[in-house]
Amino acid sequence: MDRRSVHSDGSRTRRGRTLAVGPHALLVEVSGADEARVLADWIRAGPLVCDDVVPAASTVLLDGVADLDRARSIVENWSPEQAVAQHGALVRIPVHYDGEDLGRVADLWGVSLDEVVGRHTGCEFVSSFTGFAPGFAYLTGLPPAWAVSRLESPRAHVPAGSVGLADAWCGIYPTSSPGGWLLLGRTDAVLWDLDRSGGPALLPPGTRVRFVVA
Amino acid sequence: MSIRVIDPGPLTTVQDGGRLGWAHLGVPRAGWLDADSAKFANRLVGNAEGAAVLETTYGGVSFVAQRALTFAVTGARCRVTAAGRAVSGDEPVTVRAGAEVVVGPALAGVRSYVALGGGVAVPAVLGSRSRDTLAGIGPEVLRSGAVLALGVAGRPAPLDVPPRDRRSGVLRLHRGPRADWLLEPDALHGASYTVAADSNRVGLRLEGRPVLRRAGELDSEGIVLGAVQVPGSGQPVVFLHDHPTTGGYPVVAVLDPQDLAACAQARPGERFTLRLV
């Protein structure tokens, strides 16, 4: 098949492209989740007014932007070095390590069940971004070498509070839902609470997380 | 002042302009799908344009006014009766206390908007009174017997112009951030698609010739209202107000915001021609 080259309206910055997403939004490609979070914090601190700033695994979406060209020039003048990494609050999450996939993770890692718990409680995680469901934080901090595949066919029902791994991400299901992450255990922590004084999400982007044995 | 719901219809929700600023926590924007019709209804009854209204889905809604009430029905065309008498859509109607208002099934389009004098005054959640059907945030879907409080009514404004007819049979698209995932760059331009039956407030699902694209998924990335995503099946989805905040299928195009109302009122089986602008 003749695959013609595709016109791209994205302009290249030192790090990645800035891509128009319709007339009122810009998608900024960055090197990874940590850089996405730092850029999102920087945008929110004031240089650009927009409705929503959504960091993700390797992009930041700026939605509800009045002037795309201006937004582009502001973003292109940013460099990760300027930003001071914001160290958020540390939240400790007690976990009952009795998940259905604990043995599977032990096999994948070639370690004992206790060592899986030891590794998981030994990492410091950071909430990078939220998606999938309100309050579902994608946590980085697991070494890439310990990345695991999702289940081939997702479970129809994963209980609220389930703590799981997928690739090198760790996540906690705020509500019961279908899901394909490998489950290590469960927590009684409430991930999403509209009446929480500090905001509904227990783990907004930037929050540091330590898991402890319940 | 309040109304009591008699028959909630298949899906009637409270909606306002939606919940911006929470996408980074995974909260969908929600809000009325056909903004022009909803704001028009509010103006007719003398509400602020952003007041919360009722949004029906195909089947209408009926309720009793607990006190004298002015209401207006806009959007999808339907029969409306007040205390048993036929009344007009697109204009304010005042009824006495105890009158039953019946908003009939949609005769054309999908969603009718019922503005109530004073606006629906249920408590706001994260700054909005909109029901998000994806994550379940905001006021409950209407149920029989539910009582909805209303705010303080303003002065009705019967002289107003309804939104122009937005049904052109065309959806205008902007090139999306992942248009380079298309194997045929111009595949969408001029293509014709049919609205699928499982379309809802999350997205308008289109059926037709599969869009050929690179295999695989992206890292999850932020999604905008109107994003046209192409999953593995090749059948495009146009995301509407209850869309997930992030997703991993490539967004190959973005709907022009002017055509959102046409999507809100499109019935299964309706055909659209896509046009890149």
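Tutor: Helices (H or I, at least four residues) and strands (E, at least two) are DSSP runs, numbered from the N terminus. This is a predicted model, in which local features need pLDDT of at least 70 and side-chain atom pairs count only at pLDDT 80 or more, while totals for chains, interfaces and linings use all residues. Residues are numbered from 1 along each chain as its sequence is written, chains are lettered from A and ligands numbered from 1 in the order in which they are written, and side-chain values use heavy atoms, with hydrogens and water left out.

Student: Switching topic: how is chain B divided into domains?

Tutor: Domain 1 takes in 2-149 and domain 2 takes in 170-276, with the bounds coming from an automatic or database domain assignment. Their C-alpha centres lie 28 Å apart.

Student: How many residues of each are in contact?

Tutor: With contact meaning heavy atoms within 4.5 Å, 26 residues of domain 1 of chain B are in contact with 17 residues of domain 2 of chain B.

Student: How much area do those two domains bury between them?

Tutor: The size of an interface is often given as the accessible area lost when the parts come together. Here buried area is the accessible area (1.4 Å probe) that two parts lose on being put together, summed over both, and for domain 1 and domain 2 of chain B that is about 1700 Å², 52% of it on carbon and sulfur atoms.

Student: Which residues form a salt bridge there?

Tutor: The rule asks for a side-chain nitrogen of Lys or Arg within 4 Å of a carboxyl oxygen of Asp or Glu, and across this domain interface it finds one salt bridge. B:R201 pairs with B:E55, and their closest N and O atoms are 2.8 Å apart. On the side of domain 1 of chain B that touches domain 2, the elements giving two or more residues are β5 (69-82) and β8 (100-116) of chain B, and β8(B) supplies the largest share, seven residues.

Student: Now the two chains: how many residues of chain A and chain B are in contact?

Tutor: There, 41 residues of chain A are in contact with 34 residues of chain B, and the area buried between the two chains is about 2900 Å², of which carbon and sulfur atoms give 65%. The rule finds three salt bridges across this interface, including one in which the side chains of B:R29 and A:D63 meet at 3.4 Å, N to O.

Student: Last one: is B:Q265 buried or exposed?

Tutor: B:Q265 is buried, with a relative accessible area of 9%, and its place is in the loop between α2 (260-264) and β18 (271-276) of chain B. Not counting residues up to four places away in sequence, B:Q265 touches B:D34, B:G75, B:A76, B:G109, B:V110, B:R111, B:Y113 and B:E270.

Definitions and conventions. Buried means under 20% relative accessible area, exposed over 50%, partly exposed in between (1.4 Å probe, protein chains only).
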